[in-house]
Amino acid sequence: MSVKVLAIGKKHESWVSEGIDRYVKRLKKPFDVTWQLLPHSSREGDAAREEESTRILAKVGERDHLMLLDERGTNFDSPGLSRHLQGRFDAGQSVTLVIGGAYGVDGSVHSRANTVWSLSRLVFPHQLVRLVVAEQLYRAQEIAGGRPYHHV
């Protein structure tokens, strides 16, 4: 059981890497995280979306619980996200989080997604989303463990 983050795009910028590292170093099983950055397509629009989606799905395990980040998805509060993740771990599932590219993902990824998660109805730069995801995974771990990082 673990969390794998698949993200389309460039290597983390230094300020993003520092922030992600800060939280990832604190994570423990089952909340431990691996990151895999997949290159963005050289194509545009639908062609890019299709190519990137094919690459994403090739990296998702058959039994993985796929959580797709999309501004049209479910907006969890932090305790709700923690319960959702813990439920997956309790069911013996690994979680794969997907952060699509600039053109998003196609219907094949949406169809495969078990959960579509929205950080906000706003659209954020992908580098910032990566950092927010790292922090929220750490927060979810702390909530699940009953530790005081999250204040209600």
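Q: Let's start with His-65. Which strand does it lie in?
A: His-65 lies in strand 3. Strands here are DSSP runs of E with at least two residues, helices are runs of H or I with at least four, and both are numbered from the N terminus.

Q: Before I go on, what sort of model is it?
A: It is a predicted model, where local features need pLDDT of at least 70 and side-chain atom pairs count only at pLDDT 80 or more, while totals for chains, interfaces and linings use all residues. Residues are numbered from 1 along each chain as its sequence is written, and side-chain values use heavy atoms, leaving out hydrogens and water.

Q: Thanks! Is His-65 buried or exposed?
A: His-65 has a relative accessible area of 6%, so it is buried. The cut-offs are under 20% for buried, over 50% for exposed and in between for partly exposed, with a 1.4 Å probe and protein chains only.

Q: And what does His-65 touch?
A: Leaving out residues up to four places away in sequence, His-65 touches His-84, Arg-88, Gln-93, Ser-94, Val-95, Thr-96, Asn-114 and Thr-115. A contact is heavy atoms within 4.5 Å.

Q: Switching to the largest nonpolar core: which members touch the most others?
A: Those are Val-3, Leu-85, Leu-97, Val-133 and Leu-137, out of 25 residues in that core. Such a core is a set of buried Ala, Val, Leu, Ile, Met, Phe, Trp, Tyr and Cys residues joined through side-chain atoms within 4.5 Å.

Q: Which elements supply at least two residues of this core?
A: On the strand side, strand 1 (3–8), strand 3 (65–74) and strand 4 (95–99) each do. Helix 1 (14–24), helix 3 (78–90) and helix 5 (126–144) each do as well.

Q: Which one gives the most to this core?
A: Helix 5 does, with 7 residues.

Q: What does the second core include?
A: That one is separate and has 11 residues, among them Leu-6, Ile-8, Leu-66 and Val-98.

Q: New topic: how many aromatic pairs does the structure hold?
A: The structure holds 3. Rings of Phe, Tyr and Trp (its six-membered ring) pair if their centres lie within 6.5 Å, and planes under 30 degrees apart count as stacked, over 60 as edge-to-face and the rest as tilted.

Q: Why is the pair of Phe-31 and Phe-89 edge-to-face?
A: The planes of Phe-31 and Phe-89 are at 85°, with the ring centres 5.0 Å apart, so the pair is edge-to-face. Phe-31 sits in the loop between helix 1 and strand 2 (33–38) and Phe-89 in helix 3, so this pair links distant parts of the chain, 58 residues apart.

Q: Is Phe-31 buried or exposed? And Phe-89, buried or exposed?
A: Phe-31 counts as buried at 3% relative accessibility, and Phe-89 counts as buried at 2%.

Q: How about Tyr-138 and Tyr-149, what are the centre-to-centre distance and the angle between the planes?
A: For Tyr-138 and Tyr-149 they are 4.8 Å and 80°, an edge-to-face pair. Tyr-138 lies in helix 5 and Tyr-149 in the segment after helix 5, so the pair ties together parts 11 residues apart in sequence.

Q: Where do those two stand on accessibility?
A: Tyr-138 is buried, with a relative accessible area of 9%, whereas Tyr-149 is partly exposed at 25%.

Q: Last one: which residues do ring pairs link into a cluster?
A: Tyr-23, Tyr-138 and Tyr-149 are linked into a cluster by ring pairs.
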